[in-house]
Amino acid sequence: MDRLQAFTTQFPEGITKPNFEIWFAVVIDSFSKKAIWVRYTKFTPVEKSNYNPSGMMWASFFDAVTPDNHCYSAESFMLSSLVSEDNTYKFPNGLITPDKLTGFLETPKGKLSWELDLLHRFPPLKYAPKLLENAGVAKTKAVITSPFAKVKGKVKLDNKVFNFNNSDGLMTHIWGSQYIEELYWIFVPKFDDDNEGWSLEIVSAKARGFLPPFNFAIMVYNNNISHNSVLEAIVSTTEVNYPEIEFNLKIKEYSLKVKCKL
């Protein structure tokens, strides 16, 4: 799957069956200790529901140096106000392309806006292997359109400007007809005091009540990206004692024990 295919909508205009579609990006600047999460969503509900087809943008800005800057907001729109053209999805307050994200939202802390460019490092990567998709087990599908990317750009909060230079991030495209009810996601583009360049992403998802969780793990080391197989995803385990979570993972020749505190 190339980047354009990974990014393109799976539910083109005119499809009325219930579905949802999400594009989200997370950008972390380790130097300034700031981060932003932005999400663009399309939602087509069941026809007999009380909901209208809609779109939504939301964002959350984090500042570990000045926590008072933390802010978040969301705004919904009629789905008819979204425009798709030339590999660009235009929302009333912003747009996304395979390489760029822009937008703005009003928050209690003032207007939050972002202009971010993705500098791709690796090809798109699906979380669930094709074997699981073809089996019809997963009603939700996802592809990382830009795994472990570098990001440049800026975020504005009211009259304050925060530059993101050589930051770390990713963009992911999710679609389906049924949300996953139990999911844990860990994204670590950099570890503290690490001079070897390790990166890690983990998705633990339980697709059906009678099935064990699938623990997909993606790792970067020495500028090489690798991920676990279906069998490795099944035999890997997750132990949750919220807010702590522990993984025992297998990725190729590596065995990983990961402890997290959310």
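Modeller: Among contacts in the chain between residues at least 6 apart in sequence, 53% join residues at least 24 apart. Please bear in mind that this is a predicted model.

Colleague: Why is Asn69 counted as buried?

Modeller: The term buried requires a relative accessible area under 20%. Asn69 has 7% relative accessibility, and therefore counts as buried. Asn69 lies in the loop between strand S3 (54-63) and strand S4 (71-78). Beyond its neighbours within four places in sequence, Asn69 is in contact with Phe61, Asp63, Lys109, Leu157, Lys160 and Phe162.

Colleague: How do you know that the side chain of Asn69 makes a polar contact with the side chain of Lys160?

Modeller: A polar contact needs a pair of N or O atoms within 3.5 Å, one able to donate a hydrogen and the other to accept it. For the side chains of Asn69 and Lys160 the value is 2.7 Å, and the pair is listed as a polar contact.

Colleague: Lys160 brings us to strand S12 (residues 160-176). What makes this strand mostly covered?

Modeller: In S12, 12 of the 17 residues are buried.

Colleague: How do you know that S12 pairs with strand S1 (residues 19-29) and with strand S11 (residues 140-157)?

Modeller: Pairing calls for at least two bridges between the strands. S1 and S12 have nine bridges, in the antiparallel sense, and Val26 is bridged to Leu170 in S12. S11 and S12 have 14 bridges, also antiparallel, one of them between Ile144 and Thr172. S11 and S12 form a hairpin with two residues between them, and Asp158 in the turn has a positive phi of about 60 degrees.

Colleague: There is also an open sheet of four strands. Why are strands S13 (182-188) and S16 (224-227) said to stand at the edges?

Modeller: The order is S13-S14-S15-S16, with antiparallel pairing. S13 and S16 each have a single partner strand, so one side of each is left without a neighbour in the sheet. The twist averages 10 degrees from one strand to the next. Seven bridges join S13 to strand S14 (residues 199-206), and Ile186 has Ile202 as its bridge partner in S14.

Note on methods: Residues numbered from 1 in each chain as written. Predicted model: local features only at pLDDT ≥ 70, side-chain atom pairs only at ≥ 80, totals over all residues. Heavy atoms only, no water. Axes fitted to C-alpha atoms, helices over the stretch in contact; angles between N-to-C directions. Buried < 20%, exposed > 50% of the residue type's maximum accessible area, 1.4 Å probe, protein only. Contact = heavy atoms within 4.5 Å.
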